[in-house]
Amino acid sequence: MPVALERVFPHTIHRLCLWHVQNRYMPFLNELYARFEEMDFKTRFQSIIHHPLTELEFETAWSMLLEDFHLHDNITLDKLYGIRKDWVPAFF
């Protein structure tokens with residue numbers, strides 16, 4: 001889709017829908033939500049991606065999330081971070 005959009009609408013910026021991104025990764029996120037329920041991982045994760053942060057604030061909050069929950073090697077969060085500029089509002 002991004003390639004087609006770039007060809008047809010060269011000056012358009014393609015973004016991913018936050019809901020679709022989360023929905024795609026929901027089984028993996030639900031595992032994290034359950035594993036860290038007592039530590040309120042879900043609230044913290046949702047806060048980082050939903051609140052109007054600057055890019056620097058997002059980067060700092062994301063790093064702190066990984067550090068606090070010891071998730072530096074989590075494949076799902078790594079994939080989400082890799083495409084952050086396409087779906088995290090801080091980068092729009």
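**Exercise 1.** Does T76 count as buried or exposed, and at what relative accessibility?

*Solution.* First, the ground rules. This is a predicted model, where local features need pLDDT of at least 70, side-chain atom pairs count only at pLDDT 80 or more, and totals for chains, interfaces and linings use all residues. Numbering runs from 1 along each chain as its sequence is written, and side-chain values use heavy atoms, with hydrogens and water left out.

Step 1: find the residue. T76 sits in helix 5; helices here are DSSP runs of H or I with at least four residues, strands are E runs of at least two, and both are numbered from the N terminus.

Step 2: apply the cut-off. Buried means under 20% relative accessible area, exposed over 50%, partly exposed in between (1.4 Å probe, protein chains only). T76 has 11% relative accessibility, so it counts as buried.

Step 3: check the neighbours. Leaving aside residues up to four places away in sequence, T76 touches Y25 and F28, where contact means heavy atoms within 4.5 Å.

**Exercise 2.** Work out how helix 2 and helix 5 pack.

*Solution.* Step 1: take the geometry. Helix 2 (residues 18-35) and helix 5 (residues 75-82) pack at about 150°, with axes 10 Å apart. Axes are lines fitted to C-alpha atoms, for helices over the stretch in contact, and angles run from 0 to 180 degrees between N-to-C directions.

Step 1: classify it. That angle makes helix 2 roughly antiparallel to helix 5 (under 35 degrees is roughly parallel, over 145 roughly antiparallel, 65 to 115 roughly perpendicular, the rest oblique).

Step 2: list who touches. Helix 2 brings V21, Y25, F28, L29 and L32, while helix 5 brings T76, L77, K79 and L80.

**Exercise 3.** Describe the aromatic pairs F36–F41 and F45–W62.

*Solution.* Rings of Phe, Tyr and Trp (its six-membered ring) pair if their centres lie within 6.5 Å; planes under 30 degrees apart are stacked, over 60 edge-to-face, and the rest tilted. The whole structure holds ten such pairs.

Step 1: F36 and F41 have ring centres 6.0 Å apart and planes at 40°, so this pair is tilted. Both F36 and F41 are buried.

Step 2: F45 and W62 are also a tilted pair, at 6.0 Å centre to centre and 55° between the planes. F45 belongs to helix 3 (residues 41-50) and W62 to helix 4 (residues 55-69), so the pair ties together parts 17 residues apart in sequence. F45 and W62 are both buried.

Step 3: zoom out. Ring pairs link Y33, F36, F41, F45, F58, W62, F69, Y81 and F91 into a cluster.
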